[in-house]
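Hi,

Here is the structure I promised to pass on.

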Amino acid sequence: MSRTLLRGAQVISMAPNRPDAEHADILIDGDTIVAVGENLDATGAEIVDVTGRIILPGLVNAHLHTWQTALRGVGTDWTLADYLGRMHGAVARHYRPEDMRIGTLAGALDQLDRGTTTLGDWCHNTPTPDHTDAALDGLRASGIRGVFLHGTPYSAPDATHPFSEVDRLAGGPLLTIGVAVRGPQLSTPDTAVADFRAAAERGLVVSMHQSGGEPGPGWAAVRDAGLLGPATNVVHGAGLTDDWLKTLVDAGATLTSTPENELGQGHGFPVTGHLLRLGAAPSLGTDTDAVTPADVLSAARIALAHQRGQDHDRHRRDTGSFSLTATITAKQALAWATVEGARALGLADRVGRLDAGMQADLVVIDAPAPNPFATALHATARDIEAVMIAGRWRKRDHTLLDVGLDAVRDQLRHSTAHLLPHVTG
């Protein structure tokens with residue numbers, strides 16, 4: 001049947017016109033949500049009983065390098081300098097196209113299992129078109145909704161992004177193309193402006209790293225050229241001054257924090273509090289499996305706890321006593337992993353909320369729910385009973401569908417065996 005009615009769940013819609021959490025039905029027609037409400041007409045629909053479950057929008061991991069999945073955990077004790085030297089300076093050049101494909105496929109499937117329905121795949125190991133095509137093939141094969149952010153291996157600061165390569169890439173119903181440029185911190189001003197302008201001419205999301213240092217002259221050049229806007233996505237943002245953060249927020253740009261990675265590797269402190277004081281909020285990513293777990297709910301909890309800790313400490317310094325109320329709620333943290341992630345990837349009109357007209361991307365959680373927001377925020381992969389993307393079940397009864405996991409695991413093991421000596425040797 002093309003119509004599905006989900007009945008009996010407690011729904012966290014993240015829609016501004018609906019209650020925070022409610023017992024409601026969700027009616028889906030094809031790939032689209034038709035209605036959310038009580039006692040919806042089920043005529044012609046397959047009825048799925050989800051009594052006792054929580055349903056929330058599919059999670060959005062706005063920043064992940066899936067090509068590194070085969071090296072999961074090798075850099076747990078790496079600093080940022082270790083990561084740049086060993087991953088990008090050493091092992092990256094030994095990647096074959098087949099390593100790119102299986103890393104991307106396995107990484108995206110892992111995201112599905114954890115409740116992520118939309119992935120910002122920041123792919124910056126594309127030395128040849130074959131490597132790019134293999135990564136794209138892995139992303140498509142996973143069935144996840146993806147924004148493939150085409151990057152390049154690290155190069156000279158005056159090397160502009162190869163947009164001729166971007167132009168040949170094709171998206172699809174679940175796949176959007178964007179660009180992962182070196183950005184103003186790592187490029188000359190003229191190069192940064194050229195890359196931003198080329199992305200704007202094509203209507204693409206343009207994403208870049210910024211951390212561990214003061215903003216350079218490239219930022220002013222991009223600002224003065226009028227090229228900052230909603231399609232601008234800054235990853236990390238550590239080192240940006242409050243004035244620069246305000247400039248970005250006022251322009252509608254988005255910032256993606258990868259809190260566990262930022263705190264552990266030395267990027268700098270997450271910019272969560274700075275954004276909240278400006279009336280904005282971060283989206284979230286997990287960065288690299290080689291260093292930190294690719295679990296966006298863990299990222300939400302870490303970002304929440306870190307900022308609460310800073311707020312509590314500030315209150316004690318200012319007043320000499322403990323604060324009596326939490327400064328940030330669990331609902332806000334969930335919004336960072338849904339609504340804000342969708343906005344960062346240019347998909348806010350399609351995903352991130354459960355509402356009429358939105359894509360039917362959702363997660364079903366099977367866990368006790370005296371507090372639905374806490375239950376959702378604290379969920380692990382084993383609590384994720386089902387995942388739907390564009391009206392199609394991708395995980396059900398706690399099991400991924402339509403994928404040969406044994407073959408994926410076998411290919412991933414072979415890739416790890418090929419790559420690991422170049423990391424540790």
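Ser 283 touches Ala 62, Leu 255, Thr 256, Ser 257, Trp 336, Glu 340, Gly 341 and Ala 344, leaving out residues up to four places away in sequence; contact here means heavy atoms within 4.5 Å. Ser 283 sits in strand β15 (residues 283–284) and is buried, at a relative accessible area of 1%. For the cut-offs, buried is under 20% relative accessible area, exposed is over 50%, and partly exposed is in between, with a 1.4 Å probe and protein chains only. Helices (H or I, at least four residues) and strands (E, at least two) are DSSP runs, numbered from the N terminus.

Before you go further: this is a predicted model, where local features need pLDDT of at least 70 and side-chain atom pairs count only at pLDDT 80 or more, while totals for chains, interfaces and linings use all residues. Residues are numbered from 1 along each chain as its sequence is written, and side-chain values use heavy atoms, with hydrogens and water left out.

Now the strands. Four of them form an open sheet in the order β5-β4-β1-β6, with mixed pairing; two strands pair if DSSP finds at least two bridges between them. The edges are β5 (32–37) and β6 (46–49), each with a single partner strand, so one side of each has no neighbour in the sheet. Inside the sheet, β1 pairs with β4 (residues 25–29) in the antiparallel sense over four bridges, and Leu 5 has Leu 27 in β4 as its bridge partner.

Thr 4 belongs to β1 (residues 3–7) and is buried, with a relative accessible area of 7%. Leaving aside neighbours within four places in sequence, Thr 4 is in contact with Ile 26, Leu 27, Ile 28, Ala 45, Glu 46 and Val 48.

Elsewhere, strand β8 (residues 59–64) is mostly covered, with six of its six residues buried. β8 pairs with β9 (residues 116–123) in the parallel sense, over four bridges, and Val 60 stands opposite Thr 118 in β9.

On to the cavities: how many of 30 Å³ or more does the structure hold? There are three. A cavity is a set of points, on a 1 Å grid over the protein atoms alone, where a 1.4 Å probe fits but cannot get out, and lining residues have an atom within 4 Å of a point. Grid points are joined across faces, edges and corners, and a volume is the space filled by probe spheres set on the points.

- The largest has a volume of about 80 Å³, and its lining includes Trp 122, His 124, Tyr 154, Arg 182 and His 209.
- Helix α8 (residues 259–265) gives the most to its lining, with three residues; other parts of the lining include Gly 285, Thr 292 and Asp 295.

Last one: His 312, in helix α10 (residues 296–319). Is His 312 buried or partly exposed? At 27% relative accessibility, His 312 counts as partly exposed. His 312 touches Ser 323 and Thr 325, not counting residues up to four places away in sequence. The C-alpha atoms of His 312 and Thr 327 are separated by 8.4 Å, with the two residues 15 apart along the chain.

Cheers

Key:
1 Å grid on protein atoms, 1.4 Å probe; cavity = no way out; pocket = protein on both sides within 12 Å on 5 of 7 lines; lining within 4 Å.
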